[in-house]
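Hi,

Here is the structure I promised to pass on. Have a look through it first, and then read on for my notes.

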Amino acid sequence: MEKILITGADGFFASRFIDYYRYRYDVTGFAHRQLDITDLNQTVKIIKESNPDYIVHAAAVSDTTMCQNNPELSQSVNVRGAVNVAKAAEACNAKLIFLSSDQVYIGNAGQGPYKEDDEVNPYNIYGMHKLTAEAGILELMPRAIVLRLTWLFGLPERNKKINSNLVWNIAKSMMRNQPAGFPVNDLRGVTYVYELIENIEKMFHLPGGIYNAGSENDLNVHELAKVVFKAMGLENRIEPLLLKEFRDKPRDLRISNQKLKANGVVFSSSETAINKCMADFSFSLKQS
Ligand SMILES: NC(=O)c1ccc[n+]([C@@H]2O[C@H](COP(=O)([O-])OP(=O)(O)OC[C@H]3O[C@@H](n4cnc5c(N)ncnc54)[C@H](OP(=O)(O)O)[C@@H]3O)[C@@H](O)[C@H]2O)c1
């Protein structure tokens, strides 16, 4: 059985990934308390001992506000830690998949959807550090796969971390019967975490390089929220509960996922993915 090692095992993505692949691969997850990626010696030692075929590097400081407020922490985990994992992957000749972010496109002057070779100019710490990590990893290991992910969504599960995400944020507001505001001048893809997880296996043998990974869509976040309301059976609650907001600075983070598609890895649109998530969880807030 081929062996996968995944970092950040207690995280939103990794905890679901481990369960999903546990019967098809020999999957070993290392949580922060077991492996601190900022410690190079420990990282190389633990990863070499495990001797995986594939490493999915999911550990990070993923909260953009935390990165902004604590750039040293972000630098040490999101840049140095990521490069440490690449050094360890190199030491045991494992194929590395690194989870980067669409936030690298956040300072782009033009309009999305962006392609992987478009110029990037992130202005936030998280985006800048992901970009630096991408370059550091690919310099060390040109066959590494770098995935620029869009905002992931999912619903709570037993013993698994749930992060702030479009679908769960709306569900929480609705359960509290609170109105929820979403910006009309914010364009971005959102991706169902299980669609990404399912596709990771298909990426193990891609040529090294950068790939945008996730669902495309041309809806603004307010329109996406409307899709979530409908998928939750709350169509008749849109009027009182879904509010329009405006970002001070309009944002366009849309990605083109055509490079992955040309390599046989396909994502559904964000709208389809939202409906799939609700169907998977049989989730509805419709009042009978
Ligand atoms: N979720 C999204 O929407 C999204 C979008 C784009 C890209 N990404 C990227 O995808 C990856 C997975 O995201 P996620 O949502 O699963 O993030 P997450 O829930 O925050 O998980 C990240 C994990 O990394 C661990 N970690 C932090 N510092 C560490 C260190 N020094 N050594 C080892 N582990 C450490 C954290 O453990 P502690 O909490 O115990 O510190 C946490 O369990 C991240 O690289 C993220 O940047 C996520």
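Let's start with a pair of helices in this predicted model. Helix α6 (residues 166–175) and helix α8 (residues 221–231) have axes that come within 10 Å, and they cross at roughly 60°. The crossing of α6 past α8 is right-handed. If you want to find the contact on screen, pick out L166, V167 and I170 on the α6 side; they meet L224, A225, V228 and F229 of α8. By class, that contact has seven nonpolar residues, with no polar and no charged ones.

Now zoom out to the chain. Its secondary structure comes to 11 helices and 12 strands. The radius of gyration is 19 Å, close to the 19 Å that the globule rule gives for 288 residues, so the chain is as compact as a globular protein of that length. Domain 1 takes 3–152 + 189–213, while domain 2 takes 156–188 + 217–252 + 268–281. Their C-alpha centres lie 25 Å apart. How many residues does each domain bring to the contact? Domain 1 gives 18 residues and domain 2 gives 18 residues. On the side of domain 1 that touches domain 2, the elements giving two or more residues are α1, β6, β9 (190–192) and α7 (193–203). That side of domain 1 divides into seven nonpolar, seven polar and four charged residues.

Next, the ligand. There are 26 residues around the ligand, and those that come nearest are G8, G11, F13, A59 and A60. Which elements each supply at least two residues of the shell? They are α1 (12–21), α4 (71–91), β4 (95–101) and β6 (151–153). The largest share, three residues, comes from α1. By class, the shell around the ligand has 14 nonpolar, nine polar and three charged residues. Notice that α1 and β6 turn up here and also on the side of domain 1 that touches domain 2.

Two spots in the backbone are worth a look too. As background, most residues other than glycine have a negative phi, and most peptide bonds are trans. Against that, the peptide bond from G112 to P113 is cis, with omega near -5°. You'll find P113 in the loop between β4 and α5 (125–140). The other spot is N159, which has a positive phi of about 60° although it is not a glycine. N159 lies in the loop between β6 and α6, and α6 is the helix that crosses α8 at roughly 60°.

Over to you, and happy browsing!

Technical notes: Residues are numbered from 1 along each chain as its sequence is written. This is a predicted model: local features need pLDDT of at least 70, side-chain atom pairs count only at pLDDT 80 or more; totals for chains, interfaces and linings use all residues. Axes are lines fitted to C-alpha atoms, for helices over the stretch in contact, and angles run from 0 to 180 degrees between N-to-C directions. Helices (H or I, at least four residues) and strands (E, at least two) are DSSP runs, numbered from the N terminus. A crossing is left-handed if the near helix is turned anticlockwise from the far one by less than a right angle, and right-handed if clockwise. Two residues are in contact if their C-beta atoms, placed from the backbone, lie within 7 Å. Ala, Val, Leu, Ile, Met, Phe, Trp, Tyr, Cys and Pro count as nonpolar, Asp, Glu, Lys and Arg as charged, and the others, Gly among them, as polar. A residue is near a molecule or strand if its C-beta atom, placed from the backbone, lies within 6 Å of it. Domain bounds come from an automatic or database domain assignment. The radius of gyration is taken over C-alpha atoms; the globule rule is 2.2 Å times the number of residues to the power 0.38.
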